[in-house]
Amino acid sequence: MAKVLVVEDDPWSQRIVCELLEMRGHEVLAASDVAAARAALAKQPQVVLLDIHIPGGGGELLLAEIRASETYARLPVIALTASAMSGDRERFLRQGFTAYMSKPIDVKSFGPTIENYVQEGE
Amino acid sequence: MTAANERVLVVDDSPQNCLVAKGHLESGGYEVVTVCSGEEALEVLDKERFDLVILDVMMPGLGGFETCHLIRSRPAIADVPVLFLTALDEREATAPAIEAGGDDLLPKPFHRSELMLRARALIRQHQTTAELRQALRAVSEQNEALRRLEHDRRRMSQLIVHDLRGPIGAVLANAEMLERGATGDAAEMAGDIVIAARQLDRTARDLLDLSRAEEGELDARLESFSLPELTAEVASTMRGMARWTDIRFELDIGSERAVADRELTRRMLQNLVHNAVKHAPRGTVVKIEARVDADGLVLRVLDDGPGVPAAEVQRIFERYVTLDEDPSRSGSHGLGLAFCRLAAEAQGGRIWVEDRDGRGASFCVRIPQPAA
């Protein structure tokens with residue numbers, strides 16, 4: 001059981017990600033933009049799933065804020081992106097993302113992968 | 001025929017000469033203004049529009065050549081045709097007339113018809129040039145508008161395709177969950193939805209990839225990877241679709257490691273295998289070959305389908321070119337191979353198709369390997 005923050009503006013993707021996590025018994029906080037995500041951080045999620053293209057500044061801005069803050073700097077943040085191209089992976093990791101997952105998400109491996117990062121973060 | 005609004009400026013220090021020229025030109029239907037010095041000519045030209053300037057060469061103050069030179073140096077009036085009238089020997093006057101930027105030269109004394117002929121020719125030529133210039137401007141404006149429109153259209157379709165991927169992903173994920181919990185027919189139907197949704201997603205992604213590739217955003221990152229692993233990955237994602245049409249894969253994969261952009265190479269191979277499966281007749285074999293040899297990394301995908309007609313072997317790698325007569329039914333939009341070409345080229349390689357002596361198509365990719 002973990003508390004997961006899902007930041008994703010596409011309602012379909014948000015819904016499916018939340019469902020997959022809830023089915024595995026996790027508590028899900030959902031946000032659709034940078035401002036809502038900032039507010040949700042106060043509820044102390046153990047891992048963040050962050051879409052790169054979210055309104056209000058983009059996932060990269062939110063990540064930079066998280067990495068710069070004293071409270072959340074070590075929080076595992078996983079990039080979610082629909083446009084995975086060569087080099088994106090390196091770029092995301094260099095920016096400070098813990099990992100990255102490309103969409104469409106793989107239903108079978110999704111839950112276990114997230115749970116791994118929660119454990120690593122502890 | 002002359003239009004009433006064709007205006008000629010006559011510049012001559014001799015009032016007599018001015019009158020003669022004016023009389024000739026007016027009888028030809030031109031509107032004529034006369035002045036008696038180069039200085040006055042420049043002043044009038046700054047205020048009024050003329051279709052022709054007739055300049056006497058020998059004048060006190062500013063001479064004809066200097067006046068012409070000044071006309072050519074003022075952008076607002078520089079275009080106006082200039083005809084020199086001169087009592088000098090024609091040969092002597094020609095070089096300085098050209099030097100000054102004049103258009104023609106008429107030795108004095110002249111006949112009315114000579115004057116009229118040159119005036120008409122110069123005015124006509126000037127008007128044609130002006131019309132051409134205007135047409136050119138209109139065409140380049142239209143061209144620019146089209147370019148903007150095309151840019152907007154591309155951007156719009158990119159946005160739409162991007163937004164399609166969310167719902168497609170939801171269909172896919174839900175179908176996968178259903179498939180896992182179901183048995184019998186229901187599991188099979190859910191499985192079909194999964195395959196269909198994957199195909200939709202692939203088309204959407206091809207479109208996005210292609211846009212990015214065309215905008216020069218494909219930058220290849222070389223890494224060393226295992227060929228058998230890559231091929232197995234591709235084959236496993238294609239097995240579902242291959243099962244539908246009872247296609248078997250035959251793999252002939254070298255055990256070497258390859259140095260290339262793994263993701264681009266995987267997508268390329270996936271596109272080629274997908275095409276092969278789509279075009280191969282039921283119950284046949286699709287061969288996938290991959291190896292590293294002296295020529296570099298070589299990938300081959302061979303099928304027993306209809307093959308590619310010789311006339312199409314180049315064109316087939318262009319965007320929107322497909323051999324299917326009804327692209328909407330075959331799900332083929334001519335995107336996959338266009339992407340493959342850009343992906344191969346981004347890695348310094350190339351892609352081509354070979355005929356298998358009428359037995360189907362053999363798609364080949366070669367990517368050079370760094371010197372060991």
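How much space lies in the second largest cavity? About 60 Å³ lies there. The model is predicted, with local features needing pLDDT of at least 70 and side-chain atom pairs pLDDT 80 or more, while totals for chains, interfaces and linings use all residues. Residues are numbered from 1 along each chain as its sequence is written, chains are lettered from A in the order in which they are written, and side-chain values use heavy atoms, without hydrogens and water.

A cavity is a set of points on a 1 Å grid over the protein atoms alone where a 1.4 Å probe fits but cannot get out, and lining residues have an atom within 4 Å of a point. The whole structure has 3 cavities of 30 Å³ or more.

| Cavity | Volume | Lining classes |
|---|---|---|
| Largest | about 80 Å³ | 3 nonpolar, 3 polar, 2 charged |

In chain B, α6 (184-214) and α7 (227-244) each supply at least two lining residues of the largest cavity. Its lining includes Ile195(B), Arg202(B) and Met238(B). Arg202(B), Asp206(B) and Arg266(B) are among the residues lining the second largest cavity, to which α6 and α8 (262-279) of chain B give two or more residues each.

The structure holds 0 disulfides (cysteine sulfur pairs within 2.5 Å). The sulfur of Cys18(B) is 6.9 Å from the closest cysteine sulfur, in Cys36(B), too far for a bond.

Ser226(B), in strand β6 (residues 223-226) of chain B, is buried at 15% relative accessibility.

How values were computed. Helix = DSSP H or I, 4+ residues; strand = E, 2+ residues; numbered from the N terminus. Buried < 20%, exposed > 50% of the residue type's maximum accessible area, 1.4 Å probe, protein only. 1 Å grid on protein atoms, 1.4 Å probe; cavity = no way out; pocket = protein on both sides within 12 Å on 5 of 7 lines; lining within 4 Å. Points joined across faces, edges and corners; volume = space filled by probe spheres on them. Nonpolar A, V, L, I, M, F, W, Y, C, P; charged D, E, K, R; others polar.
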